[in-house]
Amino acid sequence: MRHEIDTIDRRLLAELQRDATLTVDQLSERLNLSRNACWRRVKILEEKGVITGRVALVDADKLGLGLSVFVILRTSHHDPDWLKRFRDAVTSFPEITGVYRMSGDLDYVLRARVADVKAYDRLYQRLIAKVPLDDVSASFVMEEIKDTTIVPVEVR
């Protein structure tokens, strides 16, 4: 169910996406709202599922996970049993940070973070051991030009 988002909610969401550590007092000051009104809006957005969580973003390079990989999968298997095995497999690997079912001639695109090409190969070997795939290709990111978690909520 879609929640109506007014201009104040959009500004609130923009502020929280930039810095989720802001206190209600800091948010209310930035939005020119009372503390209670600001707190109520945050709670409603959480209850409605608009705000789904608050996280700390980390530098993958500093954790030794400097290689981003996009994995393109094609399969001739589309039955419910295969799909369950696939979902279970891809969600069990912490290196896989995104899984997308695609339209067109691709079936799935995975996004992964690994240390290097050897680490990707180990991930690949573990994945194909868990679920049959027809065609797998990987593209290694040479330069991250933009990578954000921010959803564009501000009215322009």
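Reply: Helices (H or I, at least four residues) and strands (E, at least two) are DSSP runs, numbered from the N terminus. This is a predicted model, in which local features need pLDDT of at least 70 and side-chain atom pairs count only at pLDDT 80 or more, while totals for chains, interfaces and linings use all residues. Residues are numbered from 1 along each chain as its sequence is written, and side-chain values use heavy atoms, with hydrogens and water left out.

Me: Which residues of H4 are buried, and against which elements do they pack?

Reply: Buried here means under 20% relative accessible area, exposed means over 50%, and partly exposed lies in between, with a 1.4 Å probe and protein chains only. By that rule Trp82, Phe86, Ala89 and Val90 of H4 are buried. These buried residues of H4 pack against strand S1 (67-74), strand S2 (96-101), strand S3 (108-114) and helix H5 (117-130).

Me: What distance separates the end C-alpha atoms of H4?

Reply: The expected span of a helix is 1.5 Å times one less than its number of residues. Helix H4 (residues 80-92) has 13 residues and should therefore span 18 Å, and this agrees with the distance between its end C-alpha atoms, which is 18 Å.

Me: Where do the buried residues of H3 lie, and against which helices do they pack?

Reply: In H3, the residues Ala37, Cys38, Val42 and Leu45 are buried. Seen down the axis of H3, they fall within an arc of 135°, so they line one face of the helix. The helices against which the buried residues of H3 pack are helix H1 (7-18) and H2.

Me: At what angle do the axes of H2 and H3 cross, and which word describes their arrangement?

Reply: Axes are lines fitted to C-alpha atoms, for helices over the stretch in contact, and angles run from 0 to 180 degrees between N-to-C directions. The axes of helix H2 (residues 24-31) and helix H3 (residues 35-47) come within 9 Å and cross at roughly 105°. Angles under 35 degrees count as roughly parallel, over 145 as roughly antiparallel, 65 to 115 as roughly perpendicular and the rest as oblique. H2 and H3 are therefore roughly perpendicular to each other.

Me: Is Asn32 buried or exposed?

Reply: Asn32 is placed in the loop between H2 and H3, and it has a positive phi of about 60° although it is not a glycine. With a relative accessible area of 70%, Asn32 is exposed.

Me: Which residues does Phe70 touch?

Reply: Phe70 has its place in strand S1 and is partly exposed, with a relative accessible area of 35%. Not counting residues up to four places away in sequence, Phe70 touches Val109, Leu110, Arg111, Ser137, Ala138, Ser139 and Val141.

Notes:
Contact means heavy atoms within 4.5 Å. The arc is that of the directions from the helix axis to the C-beta atoms.
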